[in-house]
Amino acid sequence: MIPSIHKQGRDTARLLAYLYGPGRREEHTDPHLVASFDGLAPDPGRDPNATLADLAQLLDEPLHLLTDDTRPATHVWHASVRAAPDDRTLTDAEWADIALRVIAATGIDPGDGAGCRWAAVRHADDHIHLIAALVREDGRRPDHRRSAKRAQAECRHIEADHGLHRVAAGDGTAAKRPTSAERHKADRHNRQRTPREELRETVRRSMAGAASEEEFFDRLAAAGLLIRRRIAPSGDTLGYAVALPGDRNGRGEPVFYSGSKLAPDLSLPRIRERWTQTSEGTTRQSALPPVTGPASARRRATTAAWQALLVIDHGDDGAVAAQIAATGEVLDALAETSAAHTRSELQAAATAFERASRSHIRAERGHDHALRQTARDLVRSGPALGRGEDGATTAMAIDMLFFLITATAHWHARKQHAQQAEAAHRAAEHLRVAYQAAAEHPMAMLHQRGRRLTPSLARHHSATLRNVLPDLADQILAEPGWPALAATLAEARTAGHDLTTLLAQAASQRELDTAERISDVLVWRLRRMADLPADPQSAQGRRARDKHTVSSPERVAQTGTRLTNTSPRRR
């Protein structure tokens with residue numbers, strides 16, 4: 001149940017005319033009162049003898065207790081309370097109870113016998129409107145400070161008492177939702193989303209991995225946005241606002257939104273914090289090999305996500321908050337550069353995770369260098385193909401990001417960040433769908449290769465699995481992905497790795513029993529740790545197979561050959 005406090009107005013009769021009218025799109029049906037301050041207010045919707053003027057006059061009557069000098073300029077208080085889409089249809093009596101409780105919680109009519117006059121109008125199944133005159137019966141102004149927060153808190157109790165969908169409690173760090181006027185305007189122009197939502201997503205994508213202020217503004221311009229900078233006398237940029245070229249107001253002027261109005265962390269000062277880097281982080285990154293294309297960037301993303309997982313598990317709160325914020329940039333960059341068959345779900349994951357990327361815990365910048373550089377690499381490496389090494393490394397990266405975002409959800413839950421935890425879980429579900437699309441082809445190829453293994457080699461890998469993971473072996477062997485895991489073990493052995501050591505290290509990285517498909521998780525961990533090509537058909541894979549040839553475990557035992565490179569290489 002979501003309460004919304006709207007902008008205060010000047011004309012009670014005009015607002016009532018809208019509430020009792022047909023609506024902007026003929027969406028209002030059977031408008032009528034469900035409750036009022038005394039339970040006796042005239043209802044123009046159900047009583048043919050009552051008029052809107054009668055109701056407006058009754059609500060405004062306490063204004064006459066004030067002189068012109070003390071009368072408030074905007075005295076009309078307006079709120080709406082909306083049920084969740086999956087809630088049952090509430091009765092008028094239930095909405096009346098909800099109205100009374102919200103009105104009392106906000107301070108409009110606290111129940112002391114001298115509150116403001118108010119009425120609750122219902123013109124749809126899923127919501128009501130509350131209207132009140134902001135003058136009490138004793139001539140004083142009501143104490144309705146922080147009314148939005150108080151209404152939210154009361155709605156959490158209402159949900160529990162009425163058995164409704166439980167909305168996660170907020171902490172004031174969410175991005176501002178589009179207003180009803182913005183939504184109606186988007187509908188009139190046949191837009192799927194409001195300009196505010198489109199701009200927020202575009203600004204966030206432009207910020208992903210940007211290394212400087214100028215690069216950030218260049219990306220905004222390249223995305224086709226109108227940009228207005230606020231410049232100090234010194235010439236420094238103090239802030240910015242953006243607009244969609246086609247979004248105009250009644251005077252034909254572009255409608256600009258400042259970064260802070262799009263989201264709390266999109267103001268220019270908050271964005272600048274992301275460009276603060278520690279010398280230690282820069283040194284670590286410079287030691288890594290250069291990114292040579294989309295596949296290389298996705299491998300780098302997998303490694304950075306694994307490092308971020310360790311921080312979330314063991315780091316302090318400021319460092320964890322930085323990693324979570326940077327994870328949002330990686331998701332934005334991955335969605336922007338991935339192939340069409342995964343792009344929509346990755347974009348949905350990035351949009352959902354936006355709410356999880358902010359909390360009251362301030363990020364300690366510098367700890368996020370590896371992930372932010374990863375986002376930059378993804379953007380600079382360009383669009384990835386849907387097949388081959390690009391497509392397979394996309395699946396590898398999504399697999400690791402799924403674990404990272406799940407860990408983020410658990411961290412938020414421990415900190416009692418309910419909305420952020422819920423948002424992270426939603427993002428994880430979108431990643432799950434994206435992974436299935438990305439992994440379908442490479443896993444099918446590995447599956448075919450696993451089916452072609454000799455019986456003796458398959459038995460050898462099965463025995464290795466039982467030796468290393470005795471508690472999970474039966475489950476893994478029964479999974480559809482076991483042949484793909486067997487093929488990966490065969491490749492790792494051919495490349496010179498000790499399978500017992502490699503498999504034990506892959507299993508110890510993080511718990512496996514919570515994974516939906518343990519075999520899939522192990523495939524990508526092993527291929528990353530053993531530096532195997534993500535796509536089994538890639539040229540790199542053929543060169544690796546040509547270079548190292550070990551035909552069977554029996555031949556190794558006969559020749560006494562010791563496998564080289566027994567310690568797995570971590571990326």
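Colleague: Where in the chain is Asn190 found?

Modeller: Asn190 sits in the loop between α5 (180-188) and α6. Bear in mind that this is a predicted model.

Colleague: What is the phi of Asn190?

Modeller: Its phi is near 55 degrees, a positive value in a residue other than glycine.

Colleague: Is Asn190 buried or exposed?

Modeller: Exposure is read from relative accessible area, with over 50% counted as exposed. Asn190 has 71%, so this residue is exposed.

Colleague: Where is Arg146 found, and what is its phi?

Modeller: Arg146 lies in the loop between β5 and α4 (147-162). Phi is about 55 degrees, positive although Arg146 is not a glycine. Arg146 is exposed too, with a relative accessible area of 60%.

Colleague: Now Asp368. Is Asp368 buried or exposed?

Modeller: The cut-off for buried is under 20%. Asp368 has a relative accessible area of 1%, so Asp368 is buried. This residue belongs to the loop between α13 (340-356) and α14 (369-381).

Colleague: Which residues is Asp368 in contact with, leaving aside neighbours within four places in sequence?

Modeller: Ala322, Gln323 and Ala326.

Colleague: How many residues apart in sequence are Ala297 and Ala375, and how far apart in space?

Modeller: They are 78 residues apart in sequence, yet 8.6 Å apart in space, C-alpha to C-alpha. Ala297 is part of helix α11 (residues 294-314). Ala297 is buried, with a relative accessible area of 0%.

Colleague: On to strands. Where do side chains point in a regular strand?

Modeller: They alternate between the two faces of the sheet. Take β4 as the case. Cys116, Trp118, Ala120 and Arg122 point one way from β4. Arg117, Ala119 and Val121 point the other way.

Colleague: How many residues of strand β4 are buried?

Modeller: Seven of the seven residues in β4 (residues 116-122) are buried, so the strand is largely enclosed by the rest of the structure.

Colleague: Which strands does β4 pair with?

Modeller: Strand β2 (residues 32-36) joins β4 through four bridges, running antiparallel. Ser36 stands opposite Ala119 there. Strand β5 (residues 127-136) also pairs with β4 in the antiparallel sense, over five bridges. Trp118 has Ala132 in β5 as its bridge partner.

Colleague: What is the order of strands in the open sheet of three?

Modeller: The order is β6-β7-β8, with antiparallel pairing. β6 (226-231) and β8 (257-258) stand at the edges. Each has a single partner strand, so one side of each is left without a neighbour in the sheet. Between β6 and β7 (residues 237-243) there are six bridges. Look for Arg228, which stands opposite Ala241 in β7.

Colleague: Which strands of the sheet does helix α6 touch?

Modeller: Helix α6 (residues 195-207) packs on the sheet and touches β7 and β8. The direction of α6 makes about 125 degrees with that of β7.

Colleague: How do I read helix packing? At what angle do α16 and α21 pack?

Modeller: Angles of 65 to 115 degrees count as roughly perpendicular. Helix α16 (residues 418-451) and helix α21 (residues 518-529) pack at about 75 degrees, with axes 12 Å apart. That makes α16 roughly perpendicular to α21.

Colleague: Which residues make that contact?

Modeller: From α16 come Tyr435, Ala439, Pro442, Met443 and Leu446. From α21 come Asp520, Val523, Trp524 and Arg527. These residues divide into seven nonpolar, no polar and two charged.

Colleague: Last, the cores. Where do nonpolar side chains tend to be in soluble globular proteins?

Modeller: They tend to be buried together. Here the largest nonpolar core has 83 residues. Those with the most contacts inside the core are Leu431, Leu469, Ile476, Leu522 and Trp524. Helix α15 (residues 388-414) gives the most to this core, with 13 residues. Apart from this core lies another, of 26 residues, among them Val34, Trp77, Ile98 and Ile128.

Colleague: Which residues does Leu522 touch, not counting residues up to four places away in sequence?

Modeller: Leu522 touches Leu469, Ile476, Leu485, Leu503, Ala506, Ala507 and Leu512.

How values were computed. Residues numbered from 1 in each chain as written. Predicted model: local features only at pLDDT ≥ 70, side-chain atom pairs only at ≥ 80, totals over all residues. Heavy atoms only, no water. Axes fitted to C-alpha atoms, helices over the stretch in contact; angles between N-to-C directions. Helix = DSSP H or I, 4+ residues; strand = E, 2+ residues; numbered from the N terminus. Parallel < 35°, antiparallel > 145°, perpendicular 65-115°, else oblique. Contact = heavy atoms within 4.5 Å. Nonpolar A, V, L, I, M, F, W, Y, C, P; charged D, E, K, R; others polar. Buried < 20%, exposed > 50% of the residue type's maximum accessible area, 1.4 Å probe, protein only. Pairing = 2+ DSSP bridges. Core = buried A, V, L, I, M, F, W, Y, C linked by side-chain atoms within 4.5 Å.
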